[in-house]
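Work through these exercises with the model in view. Each task is followed by its solution.

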Amino acid sequence: MTPGLMTSDHDRAFMALALREARKGAGLTSPNPPVGAVVVSPSGTVLGKGWHHRAGEPHAEREAITAAGGPAACLGSTVYVTLEPCSTHGRTPPCVDALLEAGVARVVWALDDPNPAHAGRAGALLTARRVAVTRGVLEEEAAALLAPWRKFITTGRPWVIAKAGLSLDGKLTRPRGEGQWITSERARADAQKLRRRADAIVIGAETLRKDDAALTLRPPRPGKEQPWRVILSTSGRLPRQARVFTDEHRERTLVAGGEPLPEILRGLAARGVVTVLIEGGGTVLAQAFAQDLVDEAVFYVAPLLCGTGRPLLDAGYFAGGSVRLTGVAWKTLGDNVRLSGLVDKVRAAGGG
């Protein structure tokens, strides 16, 4: 099968394979995007697959070319990549150069690069060397995967996920004497997946004082650096015996206060933080939602009515209209339920 005879069905199937490769890097590549690539022979055989493992290491296209047996093995092939190949020299050489050196006949990508340094350049460079280019294959799927990085690279602010475990009546804590946990062990294990995506975890000072949260990856993820642990405190009066200040990851703990939350988030982005996970408490969550800083929300709901306890959102910091989630998904975790969705940046008007 020659590249010119590849059908749209073939393109979608091979791009789906590239997307599976890209998802392996989600949460590992910051400040770079997670990208996957597949090299396909003229007859339609997969020669090699690759994904970007870590910033400073080879990009997905070079990984796939190496897996295929090197540039000589890729002559006349089609390369599928989830993001427009980079065309400038950063910590690694341009991927466009690797594709040209390999003598590929066609390059297919899912999403145009939103980075102004790269946007649109790959197509011009490749077509000038008589390499066929196809854009936009499984674009929506790639856009969903790359949404955090896309926001980071275009706005200078990180993607923000709000996460909480709560009771049916919206409480973050149980009545005195009943113990710390609201959600089940299974739900808490599922929530660890969010930490594996995050480059920084944010909590308020009161949450640290009451819970002495470690905010670590359990279990550790191979190739994943411990996310920054960010404690928001205007007073700076924090228990210095807390685990975040004394454990093996204490150098990955930051105390932030005195600045507006949007500026704190911009400061994290300047450190290369692409995704921030806000884990509470009610004051921090309320501020983040009220200031339209949250992009994604994940709530774990337990079959409890607590009556007393800290509320999900501190009413003193949250007012002026509802926030609506879109693309909502539900998953049962035993007797707990996970609700997740993207945050509609336009406040919900009325009911319905």
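**Exercise 1.** Find which residues lie over the face of Trp 228.

*Solution.* Start with Arg 252. It lies over the face of Trp 228, at 4.1 Å from the ring centre. Next take Arg 271. Its distance from the ring centre of Trp 228 is 4.9 Å, and it too lies over the face. The test: NZ of Lys or CZ of Arg within 6 Å of the ring centre and within 35 degrees of the ring normal.

This is a predicted model: local features need pLDDT of at least 70, side-chain atom pairs count only at pLDDT 80 or more, and totals for chains, interfaces and linings use all residues. Residues are numbered from 1 along each chain as its sequence is written, and side-chain values use heavy atoms, with hydrogens and water left out.

**Exercise 2.** Describe the aromatic pair that a search of the whole structure finds.

*Solution.* The search gives one pair (ring centres of Phe, Tyr or the six-membered ring of Trp within 6.5 Å). Phe 14 and Tyr 80 form it, 5.3 Å centre to centre. Phe 14 lies in helix H1 and Tyr 80 in strand E3 (residues 78–83), so the pair ties together parts 66 residues apart in sequence. Helices (H or I, at least four residues) and strands (E, at least two) are DSSP runs, numbered from the N terminus.

Notes. Phe/Tyr/Trp six-rings, centres within 6.5 Å; stacked < 30°, edge-to-face > 60°.
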